[in-house]
Amino acid sequence: MKSSTLLIVLLVIYLIGLVVIGFMDIRRSKSFSDFAVAGKKQASFVVIMSLLATVIGASTTMGLTDTVFNIGFPGIWWLAFGAIGLILQSLFISKKVREMNSDTLPHAAGMMLGRPAELIISLIIVVSWVGVIAGQFVAMNGLITFITGKNSKTVFVIVIAAVILYITIGGQLSVVKTDVIQFLIIIFGILTCFVYLYFFKEGETGVSSRDFELINDNYRPINLVTQFFIIGGVYFLGPDIMSRNLISKNSKTARRSAMLSGVFLLAYSVILVLIGVWARRNISAEELNGMNTLLYVISEKIPSWVGAVLSLGLVSAMISTIDTCIINSSTIFVKDILKKDSVGLVRIAVVVNGALALIFALSDSGDIIKMLSNAYSVYTPGVIFPLLVAILAYKKKSINVVIWVASVLAGGVFGFTGAYFSEFIKDLHLPEFISNNLSLVGMGISLIGAVISVLAGGKSKFEEKE
């Protein structure tokens with residue numbers, strides 16, 4: 001990597017800055033509300049910046065450009081479905097969720113359905129999100145290796161420890177504050193790279209209609225359906241995404257923020273994918289030799305100063321996702337599993353959660369997209385549709401909680417089996433569609449079960465009063 005010394009210095013300054021921000025917020029983070037949900041008083045600008053910084057992580061930078069290099073423009077669907085999920089959230093559930101005034105998504109489930117629903121969703125999130133966080137750690141390790149020029153686990157652990165420290169000290173207030181800074185760095189880095197490649201760099205920059213095909217031999221209609229539900233579902237009703245809803249000052253802010261974030265994310269996805277398209281047209285697989293596409297562009301195709309800006313942007317992208325995931329899953333563990341409103345316990349949970357994900361990351365081979373997809377494949381089939389049905393039925397229809405919880409468990413089991421035991425499933429010689437799409441099957445089962453739970457529940461107490 002060019003100018004690695006400069007980047008190391010910038011990284012050290014960056015991490016010190018995060019810790020300083022954490023210490024600056026320590027006095028403001030004494031109450032559980034301030035530490036866990038930033039006081040529930042954030043304006044649209046901050047919520048939008050924080051939401052976008054959260055979703056633009058490893059999967060939407062290094063991972064996505066690799067995907068586009070390998071399969072072409074259809075790689076855009078990962079983020080496009082995310083944008084669609086945010087827009088649908090704004091249209092259908094943002095207002096309803098914020099008006100519940102809950103501290104977490106499982107807390108909202110508990111308000112609607114009681115303790116069993118709160119507990120089962122909490123357990124699914126806390127366990128699955130260790131994989132999500134580990135996926136970001138794997139990407140961070142690759143980037144640190146690239147910046148320093150050597151694979152040093154010591155340096156990697158120090159960086160992750162600094163991130164965990166700043167989260168532990170400042171909580172959600174610090175996370176929200178740094179998200180704004182991180183988002184601006186991310187955007188500046190990506191735009192600088194895009195402009196240089198397409199307007200200043202020698203090479204093939206023209207594009208044809210073939211470059212914009214939405215489906216090809218590497219990306220078939222079944223992939224389209226699967227990602228719409230599995231990936232789009234997490235952006236629509238994922239715990240980290242909805243946490244930005246909960247820090248909003250009111251329901252109007254929450255709804256506006258989700259809509260504008262979705263629109264901006266769609267535009268951002270085009271820019272990022274075009275960087276991948278440029279690489280696909282100007283770099284051979286032999287040149288890459290297994291190296292990450294975006295890192296190769298930084299190393300060989302752009303000036304050192306552009307590479308330094310983009311590298312810092314990548315660090316920001318990863319940290320902005322890591323901090324949100326860690327603080328939210330830790331808050332869910334304390335609030336919804338332990339049933340405590342304790343800042344001290346959340347701080348302990350942050351350390352434990354980060355340590356577990358770090359161990360997982362250090363022992364994994366490092367396929368970012370696969371790791372994230374596997375974690376989402378557990379959460380999405382089990383939770384998305386049942387929780388959506390509960391939100392839409394809230395104060396209108398009563399729900400049979402036993403059937404509802406059973407639908408969550410059934411969907412989660414199918415998703416877990418498909419994600420982690422795919423080879424075993426193939427040996428059972430089931431119909432090909434079922435064996436290859438257990439997550440979709442799980443979503444269908446959880447949806448049917450959730451609808452039945454409403455039909456079996458009768459009128460709600462709110463409707464009876466009216």
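Close-up 1. With a relative accessibility of 2%, I186 counts as buried (buried means under 20% relative accessible area, exposed over 50% and partly exposed in between, using a 1.4 Å probe and protein chains only). This is a predicted model, in which local features need pLDDT of at least 70 and side-chain atom pairs count only at pLDDT 80 or more, while totals for chains, interfaces and linings use all residues. Residues are numbered from 1 along each chain as its sequence is written, and side-chain values use heavy atoms, with hydrogens and water left out. To find I186, look in helix 9, residues 153-199 (helices are DSSP runs of H or I with at least four residues, strands are runs of E with at least two, and both are numbered from the N terminus). Which residues does I186 touch, leaving aside its neighbours within four places in sequence? They are I56, Y268, G313, S316, A317 and S320 (contact means heavy atoms within 4.5 Å). G203 is 17 residues from I186 in sequence, and their C-alpha atoms are 25 Å apart in space.

Close-up 2. How many of the eight residues of helix 11 are buried? Eight of the eight are, so this helix is largely enclosed by the rest of the structure.

Close-up 3. The structure holds zero disulfides (a disulfide is a pair of cysteine sulfur atoms within 2.5 Å).

**Close-up 4. Helix 8 packing with helix 15.** Two packed helices are described by the angle between their axes and the distance between the axes. Here, helix 8 (residues 115-148) and helix 15 (residues 304-337) pack at about 155°, with axes 9 Å apart (axes are lines fitted to C-alpha atoms, for helices over the stretch in contact, and angles run from 0 to 180 degrees between N-to-C directions). The two helices are therefore roughly antiparallel to each other (under 35 degrees is roughly parallel, over 145 roughly antiparallel, 65 to 115 roughly perpendicular and the rest oblique). Their crossing is left-handed (the near helix is turned anticlockwise from the far one by less than a right angle; clockwise would be right-handed). By class, their contact has 23 nonpolar, five polar and four charged residues (Ala, Val, Leu, Ile, Met, Phe, Trp, Tyr, Cys and Pro count as nonpolar, Asp, Glu, Lys and Arg as charged, and the others, Gly among them, as polar).

**Close-up 5. Helix 10 crossing helix 21.** The axes of helix 10 (residues 221-237) and helix 21 (residues 438-455) come within 10 Å and cross at roughly 50°. That makes helix 10 oblique to helix 21. This crossing is left-handed. Helix 10 brings I222, V225, T226, F229 and I230 to the contact, while helix 21 brings S439, L440 and M443. Sorted by class, these are six nonpolar, two polar and no charged residues.

**Close-up 6. Positive phi at A38 and K395.** Most residues other than glycine have a negative phi. A38, however, is not a glycine and has a positive phi of about 50°. A38 sits in the loop between helix 2 (32-37) and helix 3 (44-55), and is buried at 0% relative accessible area. K395 also has a positive phi, near 70°. Look for K395 in the loop between helix 17 (368-393) and helix 18 (401-420). Is K395 buried or partly exposed? At 44% relative accessibility, K395 counts as partly exposed.
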